[in-house]
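Open the model in your viewer and keep the selection tool at hand. This tour goes stop by stop.

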Amino acid sequence: MAEKITGKIKTLNMEKRFGFIHKIHGISEKDFYFREVDLINVNFEQLSVGMEVRFLPNVVSEEGCFANKVIPAFPVGIQQSKIKTLNQEKESGFIFNIDGKQDIYFRKSNLASGLTFSDLAKDDVVYFEIRVGKDGFLSAVNISKTKEAESKNSIDLQSTIANIVKTIRTNADFISDPYVFEDYCFTILKLLGLTDAYQYPRAKQAGNADGFFKIKALEVLYDCTLSEFYKDYKKDQIENYINRLNKTQITIDKKEISLNTTNNKQIWIITKGKTQIIKDSDNILVKEISLNSLIDILEERLSNLKHDNLMAKLQELGE
């Protein structure tokens, strides 16, 4: 009988109720597909990108990898335990573990509305939800002394995020105008928190990309297209984009933006297709980036506004 293995959720489609778990080397080189009916002891709305889950791997072929009997590696929903320690100076503390292994960290900012840090004392019974960090570190959020208040707070927040993302995905699916698609992609980039994101003026766009953004050590020149056959006619444009990124500065609407020669540079062709590397040219990665991949990252950021790994998420797309 096959044994369950552990993996992390890569993407979720809230509308169609399916998702993918990251591939696991040594078992499969393809991501594992699962549906809502494959879940055990968890609702689809309780899942999140990056969540660690356990499942039975079902590798049918190189093209078909499925996850069966998917169950969260850590408890989901409202949990109950006692406060173990409090650090009054740092306004943080730990809650006793509920699985016999790892205590759960929290800060003042993780308290539910109406509860202050001074209201807490060692051995107080509290209700909370568990969040799992990228390194497996557990933290408690929406901490309350009453289960009813916590439940209402948690459900409202999750429903709001789910509805926002569902609307964004649905609207994206219906876009057929290339200019609307271009503006929509730029809006998603701004919603991700990219303050240094720029669009080329449409009146002067001939031969130019659609936009450019930089975040920390990553610089990206991007183009948006609804065509499935962009490789046939954008070959020369992509070479032009590569030459531009190899220079020391780029100009957008008379604004001169300095480029750092040591930065990671990428060319993105944003589509409704899939996310993949097209080629590596002069140490500049050329990628096709699915708009849905950007929306996946947006969903993750809405669910965890405190994380600060946006550059790494964007840089690793397609790899």
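How many cavities of 30 Å³ or more does a search of the whole structure find? The search finds 1. Keep in mind that this is a predicted model.

**Stop one: the cavity**

Select Phe74, Pro75, Asn97, Ile98, Asp99, Gln102, Ile104, Ile130 and Leu138. These residues line the largest cavity. About 30 Å³ of space lies inside. By class, the lining has 6 nonpolar, 2 polar and 1 charged residues.

**Stop two: neighbouring strands**

Select residues 79–87, strand 6, and residues 92–95, strand 7. The two strands pair in the antiparallel sense over 4 bridges. Asn87 has Ser92 of strand 7 as its bridge partner. The hairpin has 4 residues between these strands, and Glu91 takes a positive phi near 50 degrees there.

Look for Gly93: Phe106 in strand 8 stands opposite.

**Stop three: the largest nonpolar core**

This core has 32 residues. Which of them touch the most other members? Select Phe213, Tyr222, Trp268, Ile270, Leu291, Leu294 and Leu314. Several elements each supply at least two residues of this core, including helix 1 (147–174), strand 12 (211–215) and helix 5 (291–303). Helix 2 gives the most, with 6 residues.

**Last stop: Trp268**

Centre on Trp268 and show what surrounds the side chain. Leaving aside residues up to four places away in sequence, Trp268 touches Leu189, Phe213, Tyr222, Lys287 and Leu317, among others. Asp223 is also one of the residues that Trp268 touches.

Conventions: Residues are numbered from 1 along each chain as its sequence is written. This is a predicted model: local features need pLDDT of at least 70, side-chain atom pairs count only at pLDDT 80 or more; totals for chains, interfaces and linings use all residues. Side-chain values use heavy atoms; hydrogens and water are left out. On a 1 Å grid over the protein atoms alone, a cavity is a set of points where a 1.4 Å probe fits but cannot get out, and a pocket is an open set with protein on both sides within 12 Å along at least five of seven lines; lining residues have an atom within 4 Å of a point. Grid points are joined across faces, edges and corners, and a volume is the space filled by probe spheres set on the points. Ala, Val, Leu, Ile, Met, Phe, Trp, Tyr, Cys and Pro count as nonpolar, Asp, Glu, Lys and Arg as charged, and the others, Gly among them, as polar. A nonpolar core is a set of buried Ala, Val, Leu, Ile, Met, Phe, Trp, Tyr and Cys residues joined through side-chain atoms within 4.5 Å. Buried means under 20% relative accessible area, exposed over 50%, partly exposed in between (1.4 Å probe, protein chains only). Contact means heavy atoms within 4.5 Å. Two strands pair if DSSP finds at least two bridges between them.
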